[in-house]
Amino acid sequence: MENHMDETMLVDVIIVGGAVAGAALACAFAKYNLNVLVIDRRKDPGSMNRGDGLQPRTLEILEQWGVLQDFQNLPHVKSYGIELHHSFFRTLMKIDLKPLTSSKFNYIMNIPHREIEQGLLDWANKHDHIKIMRGTSVEHLTYNEHCNVNGIVMKSGNEHITCRAKIVIAADGGLSSIRKELNIPAERIVYNHELIVLHMPRPEWFKGDLRTQVHLHRDGAVVLIPLPDQQMRITVVVPLGKSAEWRKFTDEELLKNLIKRVPSLKNVDIKREGEHIYKMVRMHADTYSSKGAALIGDAAHLTHASSGQGMNMAIQDADVLSKLLARHLHNKIELDEALKLYEQVRKPINEDIISRSNFMSSVVFTPNKLAHTGKMFGMFTTRFIPGLRYKISSKIALGIAGANQQETIRLQLSSVIEHT
């Protein structure tokens with residue numbers, strides 16, 4: 001028989017979801033000395049890959065929070081951008097972060113995703129005013145007399161526990177149950193392809209100034225992401241519904257199909273541990289808040305993995321939302337104003353990223369073979385127009401780095417942050 005606790009917990013902030021978005025938000029709140037509860041239905045960090053690269057703007061934020069030093073002590077590699085390759089046209093484009101002067105970080109810090117999630121949780125857990133409850137699920141939200149959210153009823157083991165808070169934040173992923181209970185519309189658009197995620201030792205030729213390598217092929221791209229300990233993560237783009245066939249391949253069959261797309265992989269050993277399928281979906285919630293509760297990370301937006309931005313968007317959301325909610329919780333601004341500003345600042349930035357990632361999705365997978373060849377030839381010919389390739393690659397590099405984002409956000413929030 002299930003137990004029902006009479007005692008009600010009281011905190012300042014409840015964060016539903018303990019993956020990167022929720023863990024990052026807890027880290028962001030740490031300096032404000034607020035009582036924060038993070039609940040996660042999982043007992044351990046997930047094995048599903050949601051990105052390995054902490055991009056320049058994200059590194060700036062982690063440094064400001066005080067988290068970056070801990071991450072620098074983890075095994076990691078510095079990736080200086082992205083290279084686009086084709087078996088016939090060779091190197092199509094090199095997106096180089098090294099020349100960037102808009103940030104003190106001119107690289108992406110690559111750490112296996114699970115280690116990033118655990119690192120954020122470990123850092124947040126150092127603070128006595130932050131409590132993390134694993135293996136705990138939300139039964140439903142609770143509301144005050146004005147029909148605004150004022151807490152949750154959660155289930156931990158056989159106990160139902162009521163917890164009241166001044167603000168509840170949904171960081172519970174793309175299928176967010178909190179977003180659904182709040183009746184926030186969020187159309188999901190499923191792509192015509194999906195990813196198979198594999199691991200291999202990083203070959204001897206994959207060294208030097210490391211960059212993510214995107215090997216474009218008419219059947220779908222293969223992406224090589226450098227990781228610490230001379231490892232790499234491989235994502236293989238396949239038509240929607242075809243990943244199950246790939247999962248049935250023997251090691252020999254799998255390697256044969258990989259070599260077809262990337263001939264230089266012929267002498268690399270396959271590691272099947274951690275292999276999984278990653279469905280490609282894009283989504284942007286109509287609004288980031290309702291009834292006094294807010295959405296963050298995948299609960300608010302999903303983007304194609306081609307730009308590696310999803311995890312970074314979540315951490316950047318956390319930075320803005322924490323600043324605004326801290327002002328509210330210290331009685332500087334009203335909650336409605338804080339949530340309105342959060343959406344006003346972050347939604348256009350996220351929409352731009354989703355749009356750019358959607359464009360890149362058509363580059364990594366073009367079902368029409370003739371159209372694929374046309375795109376590859378078009379990219380190849382940019383080398384013959386003086387300055388064009390550099391202009392395109394520099395613009396993409398600035399987008400990856402989040403260049404000028406900090407100043408833009410500072411100006412948008414200056415009336416609140418500086419004068420309250």
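Helix H8 is mostly covered, with 18 of its 20 residues buried (under 20% relative accessible area with a 1.4 Å probe, protein chains only). The helix runs over residues 310-329 and reaches 28 Å from its first C-alpha to its last, close to the expected 28 Å, a span defined as 1.5 Å times one less than the number of residues. After H8 comes Asn-331, whose phi is positive, near 60°.

A word on what you are looking at: this is a predicted model, in which local features need pLDDT of at least 70 and side-chain atom pairs count only at pLDDT 80 or more, while totals for chains, interfaces and linings use all residues. Residues are numbered from 1 along each chain as its sequence is written, and side-chain values use heavy atoms, leaving out hydrogens and water.

Now step back. The protein chain holds 12 helices and 21 strands, taken as DSSP runs (H or I of at least four residues for helices, E of at least two for strands) numbered from the N terminus. Its radius of gyration is 22 Å, close to the 22 Å that the globule rule gives for 420 residues, so the chain is as compact as a globular protein of that length. That radius is taken over C-alpha atoms, and the rule is 2.2 Å times the number of residues to the power 0.38.

Of the 420 residues in the protein chain, 55% count as buried. Among its contacts (heavy atoms within 4.5 Å) between residues at least 6 apart in sequence, 73% join residues at least 24 apart.

Terms used. Buried < 20%, exposed > 50% of the residue type's maximum accessible area, 1.4 Å probe, protein only.
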